[in-house]
Amino acid sequence: IYELNLETLKTKLISHGIRNINGWDLNSENKIIAVVNGVSDNTVRKIKNDKDYIYLIEEDIWYGWPDYLGGDPITSPRFTDSEPHKFLLKDHIDKNPSGPLYQYNYVNSLKALAVDKEGRYLEKDTIIFADKKNKGIYALMKNGYSKEIIKLSEDSNIEKITVNEKGIYILDSGEGALYEIIKSENMDGFKLPYEIWAFIITLLLSITIIVLIKNKKIKRL
């Protein structure tokens with residue numbers, strides 16, 4: 001990760017040893033929070049059981065790539081079901097690279113990230129990210145607990161999440177839509193767009209009708 005001075009056009013190395021950042025934002029302390037996708041097992045090295053991560057990126061830190069994943073050495077039994085992998089680098093800057101803030105359940109699943117740095121809609125510095133595998137938008141709190149806050153359609157493909165003074169904006173290229181989530185003035189929580197509320201209400205009504213019909217059939221039998 002480099003910093004570019006737009007006035008002098010000089011670059012500065014911030015940190016390195018990071019693979020495949022797939023979304024980032026700044027928190028209230030102006031530090032980088034980033035989604036880092038793990039390594040799938042269809043690569044040359046046949047790495048197994050890696051995950052996606054959310055990292056706090058700090059200056060002058062080497063995060064381990066290509067010999068550490070999520071803070072763990074590639075030689076760990078975690079990453080293989082046969083012979084242990086070997087280090088690629090002869091020397092390591094750090095023998096114990098920093099681990100992630102958060103480790104997800106899957107690999108190549110997390111995409112897009114934003115931070116509610118001022119606590120306008122959630123707790124201050126809550127991290128909001130998309131899961132393209134489970135089709136949902138999640139919130140990661142300071143205590144490390146994550147919670148799904150929006151369920152997406154199967155066709156959704158979230159490209160970008162942005163938080164500003166007007167709301168949370170989610171760009172969905174799969175549905176060809178831009179969702180706006182704003183905080184209601186008279187209630188503590190989210191005010192979803194009309195289309196999403198309509199979908200939720202229709203879904204709940206459909207489920208209720210199906211349950212009632214099944215119950216009637218059971219009583220007749």
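Biologist: Which residues line the second largest cavity?

Modeller: A cavity is a set of points, on a 1 Å grid over the protein atoms alone, where a 1.4 Å probe fits but cannot get out; lining residues have an atom within 4 Å of a point. In this predicted model, local features need pLDDT of at least 70, side-chain atom pairs count only at pLDDT 80 or more, and totals for chains, interfaces and linings use all residues. Residues are numbered from 1 along each chain as its sequence is written, and side-chain values use heavy atoms, without hydrogens and water. The second largest cavity is lined by K111, A130, D131, K132, K135, G136, L152, S156 and I158.

Biologist: How is this lining divided by class?

Modeller: Ala, Val, Leu, Ile, Met, Phe, Trp, Tyr, Cys and Pro count as nonpolar, Asp, Glu, Lys and Arg as charged, and the others, Gly among them, as polar. Here three residues are nonpolar, two polar and four charged.

Biologist: How much space lies in the second largest cavity?

Modeller: A volume is the space filled by probe spheres set on the points, which are joined across faces, edges and corners. The second largest cavity holds about 50 Å³, and the largest cavity about 120 Å³.

Biologist: What lines the largest cavity?

Modeller: Its lining has 14 residues, with R19, V36, Y68, L69 and G70 nearest the centre. By class, eight are nonpolar, four polar and two charged.

Conventions. 1 Å grid on protein atoms, 1.4 Å probe; cavity = no way out; pocket = protein on both sides within 12 Å on 5 of 7 lines; lining within 4 Å.
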